[in-house]
Amino acid sequence: MSAFLKSLSNNSSLNLGAAMIIVGSSVICGKTITQDFPLFLASDLRFLIATILFLPLGIYHRSLFSLPKHDWLLLALMAFCGQILFTIFLLLGLRYTSGIHAGTLTSTTPFFMALFSFFILSEHFTRQQLFGLLLAFGSIFLLGYDTFHSLATVNPQQWMGNLLVLAAVASEAVFLLLGKKLHTQLSGLSMTALLSLLGAVFCLPPALYEATSFDVFTLTTDDAIAMLYFGAIYTDLAYLCWFRGVSHASGATASAFTALMPLSAAFLSSTLLHEAVTWLQLGALATAILSILLLTIIPQQQKGAPSDEASTTS
């Protein structure tokens with residue numbers, strides 16, 4: 001039984017899928033967080049909680065901080081892109097465009113990850129991978145068909161907002177892929193711990209500024225639960241699953257799994273927020289699942305997925 005559970009925990013597909021489903025769930029807690037907390041203060045509290053939870057595990061030992069300069073620069077760049085630039089670009093973008101447009105544009109993550117896999121990781125896609133990626137893009141189009149159609153009619157100010165949101169998505173894509181360029185073999189647990197610590201450090205200055213005018217006594221029990229979820233589940237568990245999975249997956253495969261993120265958000269909103277599910281959303285789910293089958297399960301059955309090996313291990 002323990003061997004079976006261990007094989008499940010090391011399965012890259014399960015890890016990538018779980019990570020994106022958890023990230024998609026953030027839309028539920030995010031409503032509480034964004035309404036009741038200043039943005040950078042919420043981000044710093046999230047990373048502080050994530051960091052504190054790692055302390056009893058003894059992960060922050062001396063050898064973890066003796067990484068080469070190349071790896072520290074990459075980790076710092078990952079934290080800066082995924083935790084600072086993403087937040088700034090998204091915040092600025094939302095000043096000029098609608099939340100609906102922003103939510104739809106953030107679902108273009110598979111496109112940016114595929115693009116960066118080609119240019120940053122120098123990956124060359126097979127026909128099957130290209131077809132799988134096209135299906136992933138198709139699932140996103142189905143999910144946001146009405147919104148994508150309305151994007152063509154926005155005014156210049158909204159276009160600026162949309163471009164800023166796309167910049168946020170590009171920053172997140174860099175964050176999700178750069179770990180494959182590390183020279184040192186870091187486990188998913190170690191990488192999650194380091195990125196949580198770096199995120200807490202980077203967000204601290206603007207968080208302290210926001211804290212000077214924030215009344216902590218206005219917070220409720222729901223706020224505390226939502227913040228604990230963001231630190232323990234959305235940060236620690238989602239990061240851990242993602243980095244365990246991406247270390248054994250190609251950029252194309254990882255790109256396809258990010259299509260689960262907006263789908264997870266849509267169906268959790270339907271279940272927990274009682275929003276209606278459309279036939280287009282069901283079609284998007286089916287298309288996303290088919291793309292993942294093409295990029296993961298079928299290649300593994302054919303040739304053991306040797307192309308999905310990466311330079312890092314979890």
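Me: Helices are DSSP runs of H or I with at least four residues, numbered from the N terminus. In which helix is the place of Ser264?

Reply: This is a predicted model, and the reading below is of that model. Ser264 lies in helix 14, which covers residues 260–272.

Me: Is Ser264 buried or exposed?

Reply: Burial is judged by relative accessible area, and the cut-off for buried is under 20%. Ser264 has 9% relative accessibility and therefore counts as buried. Across the chain, buried residues make up 49% of the 314 residues.

Me: Which residues does Ser264 touch, leaving aside those up to four places away in sequence?

Reply: Ser264 touches Met20, Ile21, Gly24 and Ser25. For Met20, the separation along the chain is 244 residues, while the C-alpha atoms of Met20 and Ser264 are 7.6 Å apart.

Me: What share of the contacts with a separation of 6 or more joins residues 24 or more positions apart?

Reply: The share is 89% of those contacts in the chain.

Me: How does an exposed residue read, taking Gln35 as the case?

Reply: The cut-off for exposed is over 50%. Gln35 has a relative accessible area of 65%, so Gln35 is exposed. Gln35 has its place in helix 3, residues 26–36. The C-alpha atoms of Gln35 and Asp223 are separated by 9.6 Å, and 188 residues along the chain lie between these two positions in numbering.

Me: At what angle do helix 2 and helix 12 pack?

Reply: Helix 2 (residues 12–24) and helix 12 (residues 221–246) pack at about 150°, and their axes are 7 Å apart. Angles over 145 degrees count as roughly antiparallel, and helix 2 is therefore roughly antiparallel to helix 12. The crossing of this pair is left-handed. On the side of helix 2 the contact includes Ser12, Asn15, Leu16 and Met20, while on the side of helix 12 it includes Tyr229, Ile233, Trp242 and Arg244. By class, the residues of the contact are 14 nonpolar, three polar and one charged.

Me: How does the packing of helix 4 with helix 11 read?

Reply: Helix 4 (residues 39–54) packs with helix 11 (residues 188–211) at an angle of about 145°, with 7 Å between the axes. Their crossing is left-handed. The residues of the contact divide into 16 nonpolar, five polar and two charged.

Me: What angle do helix 7 and helix 10 make?

Reply: Helix 7 (residues 109–119) and helix 10 (residues 156–177) pack at about 55°, with their axes 9 Å apart. That angle makes helix 7 oblique to helix 10. The crossing is right-handed. Helix 7 contributes Thr109, Phe112, Met113, Phe116 and Ser117, which meet residues of helix 10 including Leu166, Val169, Ala173 and Leu177. The contact has ten nonpolar residues, two polar residues and no charged residues.

Me: How many disulfides does the chain have by the distance rule?

Reply: A disulfide is a covalent bond between the sulfur atoms of two cysteines. The cut-off applied is a pair of cysteine sulfur atoms within 2.5 Å, and by this rule the count is zero disulfides.

Technical notes
Residues are numbered from 1 along each chain as its sequence is written. This is a predicted model: local features need pLDDT of at least 70, side-chain atom pairs count only at pLDDT 80 or more; totals for chains, interfaces and linings use all residues. Side-chain values use heavy atoms; hydrogens and water are left out. Axes are lines fitted to C-alpha atoms, for helices over the stretch in contact, and angles run from 0 to 180 degrees between N-to-C directions. Helices (H or I, at least four residues) and strands (E, at least two) are DSSP runs, numbered from the N terminus. Angles under 35 degrees count as roughly parallel, over 145 as roughly antiparallel, 65 to 115 as roughly perpendicular and the rest as oblique. A crossing is left-handed if the near helix is turned anticlockwise from the far one by less than a right angle, and right-handed if clockwise. Contact means heavy atoms within 4.5 Å. Ala, Val, Leu, Ile, Met, Phe, Trp, Tyr, Cys and Pro count as nonpolar, Asp, Glu, Lys and Arg as charged, and the others, Gly among them, as polar. Buried means under 20% relative accessible area, exposed over 50%, partly exposed in between (1.4 Å probe, protein chains only).
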